[in-house]
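Open the model in your viewer and keep the sequence panel beside it. The stops below give a selection for each step and then what is there.

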Amino acid sequence: MAPFLQSLSSILFLMALIKLSIMSRISAAGYSPAVFRPSPWQLAHATFYGDDSGSGTMGGACGYGNLLSNGYGTDTAALSSVLFNNGYACGQCFQIRCVQSPFCFKGSPITTVAATNLCPPNWSLDSNNGGWCNPPRTHFDMSKPAFMKIAQWKAGIVPVMYRRVPCARKGGLRFNFQGNGYWLLVYVMNVGGGGDIASLSVKGSKTGWISMSHNWGASYQAFATLSRQALSFRVTSYTSKQTVLAYDVAPSNWNVGMTYEANVNFH
Ligand SMILES: *[C@@H]1O[C@H](CO)[C@@H](O)[C@H](O)[C@H]1NC(C)=O
């Protein structure tokens, strides 16, 4: 009995060691210095939508819901479909400055916005007269508070220079749950670094890793029975391809409608 227990415990110990080494390798990759650097400045155009409070920009095609409580603030933008990239651009951060217009503020100040929405094409409008978000135009429909940091709002539309920059986020990755006990739909929010997500996997305390499929915006889904299990997530950045592991983000009594915060993030 005793030798059997001894070998069992040494096997368990070995398994724990192997698991630890795998974990540390993956999380070491997750914490390596950010490979994402600002992109070169490029020319585009910008308009604005919503009101002074930015409340008209809540919701949006990325699915972030309330932008204030979910860490995105009022400086946000809806991207034309060329930039939106079927939702893979959700969460990306851009610096924008107004250029070549008398409505630009002096010194061409820079504002930083997060992509939270799609500016859809409108084919009944000419691409050069109102159909600003029609492909192949690169266009930012900014929140009014963000636009008012670079130009007079009465300009309507201004030429801008823009570039991708890393996103600075407070706290960990946030996961908003929707769906039901057999279908889990997760919105990934408050993403630092590249700000965007390439893929997401979920692991229940009684399951292995389950690869989730891209639903829309920043949401991913798994058709699996995950109720009454603590949930962990494996998140890969779209831009840097880094992977972080977020263990036991949600307790076993998790609920749809709730947002759970991990203690890891991209930088
Ligand atoms: C497209 O533009 C026209 C003209 O401004 C407007 O009436 C219509 O509502 C727009 N369509 C969409 C889908 O926004």
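This is a predicted model: local features need pLDDT of at least 70, side-chain atom pairs count only at pLDDT 80 or more; totals for chains, interfaces and linings use all residues.

**Stop 1**

Select β10, β9, β13 and β14. These four strands make up an open sheet, in that order, with antiparallel pairing. At the edges are β10 (209-211) and β14 (243-250), each of which pairs on one side only. From one strand to the next, the twist averages 25°.

Which residue of β13 is the bridge partner of Ser-199? Select Thr-236 to display the partner of Ser-199.

**Stop 2: Leu-79**

Move to strand β2 (residues 76-80), where Leu-79 is placed. Is Leu-79 buried or exposed? Leu-79 counts as buried because 27 C-beta neighbours lie inside 10 Å, and the cut-off for buried is 20 or more.

For a distance check, pick the C-alpha atoms of Leu-79 and Ala-61: they are 10.0 Å apart in space, and the two residues are 18 apart in sequence.

**Stop 3**

Select Asn-86, in the loop between α2 (81-84) and β3 (93-98). The phi of Asn-86 is positive, near 55°, in a residue other than glycine. Asn-86 is exposed because 11 other C-beta atoms lie within 10 Å, where 12 or fewer is the cut-off.

Then select Asn-190, in the loop between β8 (183-189) and β9. Here too phi is positive, near 55°. How many C-beta neighbours does Asn-190 have inside 10 Å? There are 22, so Asn-190 counts as buried.

**Stop 4: a cis peptide bond**

Finish at Pro-135 and Pro-136. The peptide bond that joins these residues is cis, with omega at about 5°. To place the site on the chain, show the loop between β4 (110-119) and β5 (139-143), where Pro-136 is found.

Technical notes
Residues are numbered from 1 along each chain as its sequence is written. Two strands pair if DSSP finds at least two bridges between them. Helices (H or I, at least four residues) and strands (E, at least two) are DSSP runs, numbered from the N terminus. Axes are lines fitted to C-alpha atoms, for helices over the stretch in contact, and angles run from 0 to 180 degrees between N-to-C directions.
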